[in-house]
Amino acid sequence: ACSGHMISFRVLLQVLWAQLLCGWVLGSELTFELPDNAKQCFYEDVIVGTKCTLEFQVVTGGHYDVDCRLEDPDGTTLYKEMKKQYDSFTFTAAKNGTFKFCFSNEFSTFTHKTVYFDFQVGDDPPLFPNENRVTALTQCESACVSIHEALKSVIDYQTHFRLREAQGRSRAEDLNTRVAFWSIGEAIILLVVSISQVVLLRSFFSDRKTTTTRVGS
């Protein structure tokens with residue numbers, strides 16, 4: 001029983017280690033600041049026949065939109081979208097080389113953006129070296145594979161929830177700032193109107209000097 005527990009513990013450690021290395025081995029994931037009138041490009045080396053997925057989302061800034069462009073090693077445009085808030089594009093590399101994808105905020109004159117992207121390259125490596133063998137996996141190995149897939153789904157859900165939370169917080173802070181400025185403006189207008197009314201009413205009841213003219217005979 002002790003040996004079985006040790007094997008299960010080692011397999012679980014292998015699952016967790018593979019889960020930690022998954023994002024590092026298979027592409028890039030990043031959240032970065034994109035200033036106004038700026039363009040930021042990233043590069044990824046891809047082997048021919050590899051399936052890749054580019055997913056991005058504007059987290060904060062302006063109308064939450066950005067230009068995105070993806071090029072193959074020869075400079076051919078594979079994907080191009082203008083002023084998108086979020087999108088996902090999947091392709092299979094037709095050649096070896098460095099693929100380039102850029103995010104542009106050049107159409108914005110004063111608003112900077114926060115952009116998240118996830119560039120996935122290829123499929124996850126098998127959890128076990130002999131996972132593709134002809135014989136069936138053991139019950140423990142099957143359970144570990146299921147846990148591995150569930151952990152990947154949890155990470156994806158957590159990432160999207162964090163992005164939605166950050167976007168919602170940014171909009172709430174922006175709305176709070178607008179409400180604060182509008183309240184200050186209303187207070188100033190109310191003060192000016194009140195002072196004007198007091199001055200106007202005092203002018204109605206102030207004593208006015210009259211001039212009397214006598215006509216002599």
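Modeller: Start with the surface. The protein has an accessible surface of about 15300 Å², and 59% of that belongs to carbon and sulfur atoms. Such areas come from the Shrake-Rupley method with a 1.4 Å probe; for residues, only the protein chains shown count as cover. This is a predicted model: local features need pLDDT of at least 70, side-chain atom pairs count only at pLDDT 80 or more, and totals for chains, interfaces and linings use all residues. Residues are numbered from 1 along each chain as its sequence is written, and side-chain values use heavy atoms, with hydrogens and water left out.

Next, the fold. The protein holds two helices and eight strands. Both kinds of element are DSSP runs numbered from the N terminus: helices are H or I with at least four residues, strands are E with at least two. From the N terminus on, the order is α-β-β-β-β-β-β-β-β-α. Of the 217 residues, 29% count as buried. Buried means under 20% relative accessible area, exposed over 50%, and partly exposed in between (1.4 Å probe, protein chains only). Take contacts between residues at least 6 apart in sequence: 75% join residues at least 24 apart. A contact means heavy atoms within 4.5 Å.

Now the rings. A search of the whole structure finds 16 aromatic pairs. Rings of Phe, Tyr and Trp (its six-membered ring) pair if their centres lie within 6.5 Å; planes under 30 degrees apart count as stacked, over 60 as edge-to-face and the rest as tilted. One of the pairs joins phenylalanine 42 and phenylalanine 101. Their rings are stacked, at 5.7 Å centre to centre with 25 degrees between the planes. This pair links distant parts of the chain. Phenylalanine 42 belongs to strand E2 (residues 39-46), phenylalanine 101 to strand E7 (residues 97-104), and they are 59 residues apart. Both phenylalanine 42 and phenylalanine 101 are buried.

The pair is part of a wider set. Ring pairs join Phe42 and Phe101 into a cluster with others, including Phe32, Phe56, Tyr79, Phe89 and Phe119.

The charged end of arginine 171 sits over the ring of tyrosine 64, 4.4 Å from its centre. The test for this is NZ of Lys or CZ of Arg within 6 Å of the ring centre and within 35 degrees of the ring normal.
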